[in-house]
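Below is what I looked up, in the order I got to it.

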Amino acid sequence: MKHNCFSVAALAFASAMMFTSCSTESNNAGKTPVKPAVISFEYQTLNADGYWCGDETGIPFDNWGSTAYSCTYQESGIIFPANFTPAWNSWSGYAISNRTATTYKSLIPDQFNSTVGKAHSGQNYCVVYPFGEAITLPKPATVVGFYFTNEAWVVDAILNGDGMTPGKFETTDWLKCVVTGTHVDGTTATLDLWLAKDGTYVSDWQWADLTVLGKVESLSFYFEGTKKNSWGLTTPTYLCIDDMTIQLD
């Protein structure tokens, strides 16, 4: 979908890989091909506003004098952490949402809106808002990729400004999410997901091919961009993802 108000163009990434069974002449003859796991985020109970960002059933810990809870969403053995602090009504990590609103008016609940207004498939999608939290795999594996799009507050800041740095995004402004894969030996590989660049921003679900990261035991996310002050980025640092495909062989 294009947005005339900002000359939106889709930011295309590599198409999804196709998986075929091995021939009888291959080294894997006689073995059953391993079907990739697709993480759909469909198995989390959401609140009345259509999201989950942790709750008080998690493991309690001290967060600067307030009780916080370390929670996880798990699917196919992959762990998505969420740290929730009720006293501040705040969270970080990986939330689950099925919200259909696409605009940002207030932090709660609009930070759980995507710019698309629906999951890539099914009902739920994941909202990424990390402060060092990593997705961990049960064993090193190839993450084939996932679909991603912008979160509504991010788009509002792109179009209208973030209130801390002057003005909306110009053609020279950009925002990207850097995905880091950590290998079993501690080395890392990265992939840039461009969220806004050259006067455009991602406005629909795009495929990100993560096979370039190799076999990883965890994935983490951080953001870089042009809108920042002495404290760091002023653009909200969110990303929506769905249908993460992992080759658990």
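**Ground rules.** I am working on a predicted model, so I ask for pLDDT of at least 70 for local features and 80 or more for side-chain atom pairs, while totals for chains, interfaces and linings use all residues. I number residues from 1 along each chain as its sequence is written, and side-chain values use heavy atoms, with hydrogens and water left out.

**Confidence.** I looked up pLDDT first (the predictor's confidence in each residue, from 0 to 100). The chain averages 90, and 86% of the residues score at least 70. I took strands and helices as DSSP runs numbered from the N terminus (H or I, at least four residues, for helices; E, at least two, for strands). Confidence is lowest in strand β14 (residues 228-229), with a mean of 96, and highest in strand β7 (residues 125-129), at 99. Residues 1-28 stay under 50. For that stretch the model has 51 contacts beyond four places in sequence, a contact being heavy atoms within 4.5 Å.

**Make-up.** I get two helices and 16 strands. The chain has 249 residues, 49% of them buried; buried means under 20% relative accessible area, exposed over 50%, and partly exposed in between (1.4 Å probe, protein chains only). Of the contacts with a separation of 6 or more, 72% are between residues 24 or more positions apart.

**Salt bridges.** How many salt bridges does the structure hold? I find three, taking a side-chain nitrogen of Lys or Arg within 4 Å of a carboxyl oxygen of Asp or Glu.

- D110 and R99 meet at 3.4 Å, N to O. D110 is in helix α1 (residues 107-110) and R99 in the loop between β6 (90-97) and α1, so this pair ties together parts 11 residues apart in sequence. Both D110 and R99 are buried.
- K176 pairs with D192, the closest N and O atoms being 3.0 Å apart. K176 sits in strand β9 (residues 175-182) and D192 in strand β10 (residues 188-197), so the bridge ties together parts 16 residues apart in sequence. K176 is buried at 11% relative accessible area, whereas D192 is partly exposed at 26%.
- E224 also bridges to K176, with the closest N and O atoms 3.5 Å apart. This pair links distant parts of the chain, E224 in strand β13 (residues 215-225) and K176 in strand β9, 48 residues apart. E224 is partly exposed, at 29%.

I logged K176, D192 and E224 as a network of salt bridges.

**Core.** Which residues touch the most other members of the largest nonpolar core? They are F146, L239 and M244, in a core of 58 residues. Such a core is a set of buried Ala, Val, Leu, Ile, Met, Phe, Trp, Tyr and Cys residues joined through side-chain atoms within 4.5 Å. Strand β8 gives the most to this core, with six residues.

Leaving out neighbours within four places in sequence, I see M244 in contact with A37, V38, I39, F80, I135, V143, G145, F146 and L219. G145 lies in strand β8 (residues 135-149) and is buried, at 0% relative accessible area. Beyond four places in sequence, G145 touches residues including W207, A208 and D243.

I checked β3 (residues 59-63) against β4 (residues 66-75): they pair antiparallel over five bridges, where pairing needs at least two DSSP bridges. P60 has Y69 as its bridge partner in β4. Two residues lie between the strands, and W64 takes a positive phi near 55°.

I108 and P109 are joined by a cis peptide bond, omega about 10°, and P109 is in helix α1. F41, not a glycine, has a positive phi near 65°. F41 falls in the loop between β1 (37-39) and β2 (51-52) and is buried, at 0% relative accessible area. N89 is another non-glycine with positive phi, about 50°. I placed N89 in the loop between β5 (78-85) and β6, partly exposed at 40%.
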